[in-house]
Amino acid sequence: MVKSFAALTIATWVKQSSAINPVLGFPRAPVHGKPGKGFDYSFLDIPPGQDQELVETDVIIVGSGCGGGVCAKNLAEAGHRVLVTDRAYHFPAKHLPMSSTDAGIHLFHNGGVDTSDDNSVAFLAGQAWGGGGTVNWSASLQTQGFVRQEWADEGLSFFTSSEYQDCLDRVCQRMGVSTKYIEHNENNRVLIEGARKLGFNAKEVPQNT
């Protein structure tokens, strides 16, 4: 109970505090780049009720995140009818970026306050159309080698093959993943410089910018 109350108190303070963002050098909105028009999705508006709805499609993809989005694009370009389902709402580019308070309400599961069963770990889980590509500052990490090896040891040898690496590279290329346009705030610059001085291997996280 104490851990739960402490986590809730900290999360509420972080969202409501007017001082924390200036201290961290975190701007209200990105200081570089402008949101584009966005894609005009075609959504199915199914009214509430007990009546059945018949939808004809070739493929159903559950989840609108980066993985589901790439699969949907590839299948649609191959001529298939594709339906992407998601439990979340779609906020067009004109509604972004949101403040951290509004984003916590509209873009994250449980208002941005989730904990493990024993309340020892607090975490964020996105709940928005676009999945992690919408809320996770576009971080795009390839599967790490030790994870791929662990899967291969369980009999899934494909994950240590060059073919799987080619798949990762193609997805990253299509999404425009790079570190080229990253601009760090003062907080990040201090962390990176401190890590380097201590001999730690500090790298920028690739983003689909």
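Helices here are DSSP runs of H or I with at least four residues, numbered from the N terminus. With that in hand, Gly 104 goes into helix α4, residues 100–106. The model is a predicted one, and its chain has 8 helices and 6 strands. Here's a quick tour, from the overall layout down to single residues.

**Overall layout**

- Reading along the sequence, you get the pattern α-α-β-α-β-α-β-β-α-α-α-β-α-β.
- The C-alpha trace spans about 55 × 50 × 40 Å along its principal axes.
- The chain has 209 residues, and 18% of them count as buried.
- If you take the contacts with a separation of 6 or more, residues 24 or more positions apart account for 55% of them.
- The chain exposes about 15600 Å², with carbon and sulfur atoms supplying 57% of that area.

**The nonpolar core and Phe 108**

- As a bit of background, nonpolar side chains in soluble globular proteins tend to be buried together.
- The largest nonpolar core in this chain has 6 residues, namely Met 98, Ala 103, Leu 107, Phe 108, Ala 128 and Val 135.
- Phe 108 is worth a click: leaving aside neighbours within four places in sequence, its contacts are Ala 103, Leu 124, Ala 125, Gly 126, Gln 127 and Val 135.
- Ala 103 and Val 135 turn up on that contact list, and both belong to the core as well.

- Is Gly 104 buried or exposed? Gly 104 counts as buried because its relative accessibility is 4%, and the cut-off for buried is under 20%.

**A nonpolar patch on the surface**

- Ile 10, Trp 13 and Val 14 make up a nonpolar patch on the surface, and together they have about 310 Å² of accessible area.
- Trp 13 sits in helix α1, which covers residues 2–16.
- Trp 13 has a relative accessibility of 51%, so it counts as exposed; the cut-off for that label is over 50%.

**Cysteines**

- How many disulfides does the count come to? The count is 0.

**Two serines in loops**

- Ser 140 lies in the loop between α5 (132–135) and α6.
- With a relative accessible area of 10%, Ser 140 is buried.
- Which residues does Ser 140 contact, leaving aside its neighbours within four places in sequence? They are Met 175, Val 177, Pro 206, Gln 207 and Asn 208.
- Ser 161 is in the loop between α6 (145–153) and α7 (162–175).
- Ser 161 has a relative accessible area of 22%, so it is partly exposed; buried would call for under 20%.
- Ser 161 and His 95 are 66 residues apart in sequence, and their C-alpha atoms are 42 Å apart in space.

Note on methods: Residues are numbered from 1 along each chain as its sequence is written. This is a predicted model: local features need pLDDT of at least 70, side-chain atom pairs count only at pLDDT 80 or more; totals for chains, interfaces and linings use all residues. Side-chain values use heavy atoms; hydrogens and water are left out. A nonpolar core is a set of buried Ala, Val, Leu, Ile, Met, Phe, Trp, Tyr and Cys residues joined through side-chain atoms within 4.5 Å. Buried means under 20% relative accessible area, exposed over 50%, partly exposed in between (1.4 Å probe, protein chains only). Contact means heavy atoms within 4.5 Å. Patches are made of residues with over 30% relative accessible area and no salt bridge: like charges are joined within 9 Å, nonpolar side chains (Val, Leu, Ile, Met, Phe, Trp, Tyr) within 5 Å. Accessible areas come from the Shrake-Rupley method with a 1.4 Å probe; for residues, only the protein chains shown count as cover. A salt bridge is a side-chain nitrogen of Lys or Arg within 4 Å of a carboxyl oxygen of Asp or Glu. A disulfide is a pair of cysteine sulfur atoms within 2.5 Å.
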